[in-house]
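Hi,

Here is the structure I promised to pass on. Have a look at it first, and then read my notes below.

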Amino acid sequence: MPRSFIYVGLILLLCLLVPPAVIARVRATPNPNPPIHLIQDMDFQSKFKTQAVNPLFADRRTMRPPVENAVARGETYVDALLYEGVSNGGWATALPPQVPLTLATLKRGQERYNIYCSVCHGETGNGDGLVNEKAMELVANTNGPVNGTVWVQAKNLVHDETVTVQPVGQVFSTITHGIRNMAGYGSQIPVEDRWAIAAYVKTLQRSQNARPSDVPAGTTLAEAK
Ligand code: HEC
């Protein structure tokens, strides 16, 4: 075999190293252009992006307003008793049929009340929750409120007569929409739980406002204890 064959062969072998070297270099170098896309599949197709101008509609917007009077599934809220606590034009005095007055409901209400309300109103409803106590302390500071703290005393839910006379539907409404300085919990607490809490608030009131008539007639003080 002539020697030149060997040299040519060697050179060809060396040339084989060029493509991998080029690939390695390209892979290691950042490039602002998108990669070459040989098979398009459906990756690129004409469409309107949300905020883009759209000549198909008179107002030239791509995003369409909801159809007038359309109601999303599960968002009818026409049940005034369930969603607003109103029945026969006044505050409901009983729970809606969807939330039966059972021990389970009250227990659920107690649990939710302790989570959401007790920080301000206290576990017994006396308006002495920890957050409330701390805030009152900051406000009562002798050199003026600490860091300009502003706080309205949380209502005593069980002894304040403006609250104890309220029907359960009104309490439900306060939880849902809030009142004056108290924020509403309609968006955080599901509707059934709001009713359970309202029922539990009535339970707290009842338990702390016992009347002599609650004791069976003829029971002596010693027996009652
Ligand atoms: C961040 C503190 C805070 C939390 C938490 C809170 N409240 Fe209140 N609540 C207040 C304050 C403050 C008031 C008095 C508002 C006012 O008079 O401006 C009030 C008032 C009320 C009233 C009386 C409304 C009236 O007609 O005067 C009820 C009932 C009530 N809250 C129930 C609840 C229930 C139930 C929860 C739990 C879902 C709750 N609150 C959670 C601070 C709170």
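A quick word on terms before anything else: helices (H or I, at least four residues) and strands (E, at least two) are DSSP runs, numbered from the N terminus. This is a predicted model, so to speak of local features I needed pLDDT of at least 70, side-chain atom pairs count only at pLDDT 80 or more, and totals for chains, interfaces and linings use all residues. Residues are numbered from 1 along each chain as its sequence is written, and side-chain values use heavy atoms, with hydrogens and water left out.

Let's start with Leu-101. You'll find Leu-101 in the loop between β2 (90–91) and α4 (103–116). Leu-101 counts as exposed because its relative accessibility is 63% (buried means under 20% relative accessible area, exposed over 50%, partly exposed in between, with a 1.4 Å probe and protein chains only). Leaving aside neighbours within four places in sequence, Leu-101 touches Leu-95 and Leu-106, where contact means heavy atoms within 4.5 Å. Cys-117 sits 16 residues away from Leu-101 along the chain, and their C-alpha atoms are 20 Å apart.

Now the whole chain. The protein chain has ten helices and two strands, and from the N terminus on the order is α-α-α-β-β-α-α-α-α-α-α-α. Its radius of gyration is 36 Å, well over the 17 Å that the globule rule gives for 225 residues, so the chain is more spread out than a compact globule. That radius is taken over C-alpha atoms, and the rule is 2.2 Å times the number of residues to the power 0.38. Along the principal axes, the C-alpha atoms fill a box of roughly 130 × 50 × 45 Å. Buried residues make up 21% of the 225 residues. Of the contacts with a separation of 6 or more, 50% are between residues 24 or more positions apart.

Which helix is mostly covered? That is α8 (residues 168–177), where eight of the ten residues are buried. Among the buried ones are Val-168, Val-171, Phe-172 and Ile-175. The buried residues of α8 pack against α3 (80–84), β2 and α9 (191–207). Just after α8, Gly-178 has a positive phi of about 80°.

Further along, Arg-180 lies in the loop between α8 and α9. Arg-180 also has a positive phi, about 40°, although it is not a glycine. Most residues other than glycine have a negative phi. With 66% relative accessibility, Arg-180 counts as exposed.

Arg-60 is another non-glycine residue with a positive phi, near 55°. Arg-60 lies in the loop between α2 and α3 and, at 48% relative accessibility, counts as partly exposed.

Is Thr-62 buried or exposed? Thr-62 is buried, because its relative accessible area is 16%. Thr-62 is found in the loop between α2 (18–28) and α3. A polar atom of the Thr-62 side chain lies 2.7 Å from the backbone oxygen of Ala-52. Leaving aside neighbours within four places in sequence, Thr-62 is in contact with Phe-48, Lys-49, Thr-50, Ala-52, Val-53 and Asn-54.

Cheers

Conventions. A polar contact is a pair of N or O atoms within 3.5 Å; within protein, one must be able to donate a hydrogen and the other to accept it, and residues adjacent in sequence count only if both atoms are side-chain atoms.
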